[in-house]
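Dear colleague,

I am passing on the structure below for your own work. My notes on its pockets, cavities and ring contacts follow it.

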Amino acid sequence: MTTSTVSTRSRVSHGAGFWIVATTFLLVMAYSTVPTPLYALYQARDGFPVSTITVIFAAYAVGVVFSLFFVGHISDWVGRRRMLLIAILISALSAMLFLLWSSVEGLIVARVVNGVSIGVLTATATAHLGELRAVARPDENSIVAASVAGASNLGGLALGPLIGGLFAEFLPNPLVLPHAVFLVALVIAAIVMVSVPETVEQSEPRRRYRPQRLAVPASSRGAFIAAAFGAFAGFALLGLFTSLAPTILIGTFDAPDHLLAGVTTFSVFGAAALGQVLLARLPLQRQLLIATVSCGIGLAAVAAGAVLPQLGVFLVGGVIAGLGVGVLFKSAIATAGSLADPARRGETLSLVFLIAYCGLALPVLAIGFALTFAPEIDVLLIFVSLVLVTTVVAGVAMTRRAAGHP
């Protein structure tokens, strides 16, 4: 049962704990995308094909999905803080694997482990932020906590490639130093997390473990399905830029700069995070309308930029589409959280993230397979077309729900 009781072991207020969790959320999510601009360096060192990059990336998404299904929901009864500590330490383990085992096999294992940490983290941190904020600011609209959670999630995903690109372009040992720096930062974050208040009272006797239930709130099935579809479609677009941005820049635009690769992914994820904040005060229906139009225009520009080819058009299209995806994702999380039974909030949010990360993994695996026999530009155009349709359909469905239509 969720409570407002401060754990006796906590040393900070719920308000301070809220910002500690948000910062840690940002840190762990950032580390998950630091390798994005580094893939080209690993490829140049070991000589593996582009399809191997998609396998390495998909390994991360597989780890997330596995963790969400088997672990992500159990913070509802073992506690938010405990699961966040586990997530941080698993992320630190992945950093150690990157440092000690950097062959292709090691990269795949490290990415699976890193994905497991994200699966534990996402729903737990999102639920914890909402509960901490509800105690610290009981009269505040819940959308504030949802916006901070979404910004920490996508903002971290945005910062990671930029940080990785800076390491790759300007600092020595780019395949070692970023992992070492984040390993230290993650250990510090784990130590600080001990001081954060717990918001879940552990029940006695303890609940028997079971995997995530693939169920939706029975009274609002339609709204939940629309939100989950929006999360899936949005993450499909983010997966393109997270996994293949450096390869597309080199193969399509002849732009091998590592920092540019990081900036490209940062711009898309940054727009997603910024859009959540800038549009937060607008009515939900208007936010979703803007998001749907942004996804349509942005993805059309991404396709046009790849065909011409014009790097500027491609990048601007990614930023516009990213803004739309950010709003879709935030709305999906807020909708799921509002529909959930408070005692099963972590479980419900885990299901939304599970669906979202399936959107991250499955299309990227399909791209990797298609690249083995089809030209890169053709694969890109087909993928962008499919994501355009799914994001627009999801946006229209969510807009109708927000307007009160069935």
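**Pockets, cavities and ring contacts**

The residues that line the largest pocket divide into 11 nonpolar, 6 polar and 5 charged, where Ala, Val, Leu, Ile, Met, Phe, Trp, Tyr, Cys and Pro count as nonpolar, Asp, Glu, Lys and Arg as charged, and the others, Gly among them, as polar. Please bear in mind that this is a predicted model, in which local features need pLDDT of at least 70 and side-chain atom pairs count only at pLDDT 80 or more, while totals for chains, interfaces and linings use all residues. Residues are numbered from 1 along each chain as its sequence is written, and side-chain values use heavy atoms, with hydrogens and water left out.

The space in the largest pocket comes to about 450 Å³. On a 1 Å grid over the protein atoms alone, a pocket is an open set of points with protein on both sides within 12 Å along at least five of seven lines, a cavity is a set where a 1.4 Å probe fits but cannot get out, and lining residues have an atom within 4 Å of a point; grid points are joined across faces, edges and corners, and a volume is the space filled by probe spheres set on the points. The largest pocket is lined by 22 residues, of which G130, S142, A145, A146 and R345 are the closest to its centre. Two or more lining residues come from each of α6 (104–136), α7 (143–170), α12 (311–339) and α13 (345–370), and α6 gives the largest share, 6 residues; helices here are DSSP runs (H or I, at least four residues), numbered from the N terminus.

The second largest pocket has a volume of about 220 Å³, and among its 13 lining residues P363, A366, I382, F383 and L386 are the closest to the centre. Its lining has 12 nonpolar residues, 1 polar and no charged ones, with α14 giving the most, 6 residues.

There are 3 cavities of 30 Å³ or more in the whole structure. The largest, at about 80 Å³, has a lining to which α9 gives the most, with 4 residues, and that lining includes E376 and T247. The second largest cavity holds about 60 Å³ of space; F57, Y60, F235 and Y357 are among the residues that line it, and no charged residue is found in its lining.

The structure holds 12 aromatic pairs (ring centres of Phe, Tyr or Trp, for Trp its six-membered ring, within 6.5 Å; planes under 30 degrees apart are stacked, over 60 edge-to-face, the rest tilted). The rings of Y31 and F98 have centres 6.5 Å apart and planes at 85 degrees, so this pair is edge-to-face. Because Y31 lies in helix α1 (residues 14–33) and F98 in helix α5 (residues 80–100), the pair ties together parts that are 67 residues apart in sequence. Y31 is buried at 1% relative accessibility, and F98 is buried at 2% (buried means under 20% relative accessible area, with a 1.4 Å probe and protein chains only).

Lastly, R133 lies over the face of F18, at 4.8 Å from the ring centre (the criterion is NZ of Lys or CZ of Arg within 6 Å of the ring centre and within 35 degrees of the ring normal).

With best regards

Key
Buried < 20%, exposed > 50% of the residue type's maximum accessible area, 1.4 Å probe, protein only.
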